[in-house]
Amino acid sequence: MALLSWSNQYLIGNDLIDTEHEELFRLINDFHTLWVEARNRQDIAKILHQLIVYAQMHFQHEEKIMEDAGYQMLAEHQKIHESMIDKIFELHASYAEGHLRLEIETMKFVKSWLLDHILDHDYRFRNYLARTQNASGEAAPQTAEGKS
């Protein structure tokens with residue numbers, strides 16, 4: 001049972017970011033499925049760890065693309081990323097130690113973690129990319145290295 005459904009409304013306009021966002025949706029759905037099916041703690045902790053590792057990599061790519069695009073709100077965006085990673089690490093550590101039961105509040109965090117971030121903060125970057133692309137007539141960088 002999927003918790004989140006990917007759609008084009010979540011597109012930012014950068015192929016790498018969009019592909020990684022879609023993968024984050026998949027990982028969150030995998031996490032949710034294991035939780036709903038009441039799988040063992042090790043399986044759930046493993047997918048939560050995969051989600052953390054993938055999110056960290058994605059945030060690094062996203063920040064590099066923002067840096068290459070000259071995004072003025074990069075420092076603020078980095079702080080948001082750090083806060084999100086800190087929170088999910090805290091949840092993972094508590095869960096792995098057996099101190100945290102995955103309750104509705106945890107699932108709400110995991111869901112809002114991605115959706116709220118994309119629909120608010122990443123959309124600001126999407127709008128910035130659209131403005132800079134329209135102003136210069138050039139395409140925005142498409143990879144973490146800033147190459148089209």
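Is Arg26 buried, partly exposed or exposed? Arg26 counts as partly exposed, at 38% relative accessibility. On the scale used here, buried means under 20% relative accessible area, exposed means over 50%, and partly exposed lies in between, with a 1.4 Å probe and protein chains only.

Before going on, what you see is a predicted model, in which local features need pLDDT of at least 70 and side-chain atom pairs count only at pLDDT 80 or more, while totals for chains, interfaces and linings use all residues. Residues are numbered from 1 along each chain as its sequence is written, and side-chain values use heavy atoms, with hydrogens and water left out.

Now the charge pairs. Side chains of opposite charge can pair when their charged atoms come close. I count a salt bridge when a side-chain nitrogen of Lys or Arg is within 4 Å of a carboxyl oxygen of Asp or Glu. The structure holds 6 of these, and I will go through some of them.

Back to Arg26. Its partner is Asp30, with the closest N and O atoms 2.4 Å apart. Both residues sit in helix 1 (residues 15-36), 4 residues apart, about one turn of the helix. Helices here are DSSP runs of H or I, at least four residues long, numbered from the N terminus. Asp30 is also partly exposed, with a relative accessible area of 28%.

Next, helix 2. Asp68 and Lys64 form a salt bridge, at 2.9 Å from N to O. They are 4 residues apart in that helix, so about one helical turn separates them. Asp68 is partly exposed at 31% relative accessibility, and Lys64 is partly exposed at 33%.

The next pair joins two helices. Glu76 and Arg124 meet in a salt bridge at 3.3 Å, N to O. Glu76 lies in helix 3 (residues 74-96) and Arg124 in helix 4 (residues 104-136), so this pair ties together parts that are 48 residues apart in sequence. As for networks, salt bridges with shared partners join Glu23, Arg26 and Asp30 into one.

Last, a charged residue without a partner. Glu63 is in helix 2 (residues 41-68). Glu63 is buried yet has no salt bridge. The nearest side chain of opposite charge, Lys64, is 11 Å away; for charge, Lys and Arg count as positive and Asp and Glu as negative, with His and the chain ends not counted. What is Glu63 in contact with, leaving aside its neighbours within four places in sequence? Leu74, Gln78 and His81, where contact means heavy atoms within 4.5 Å.
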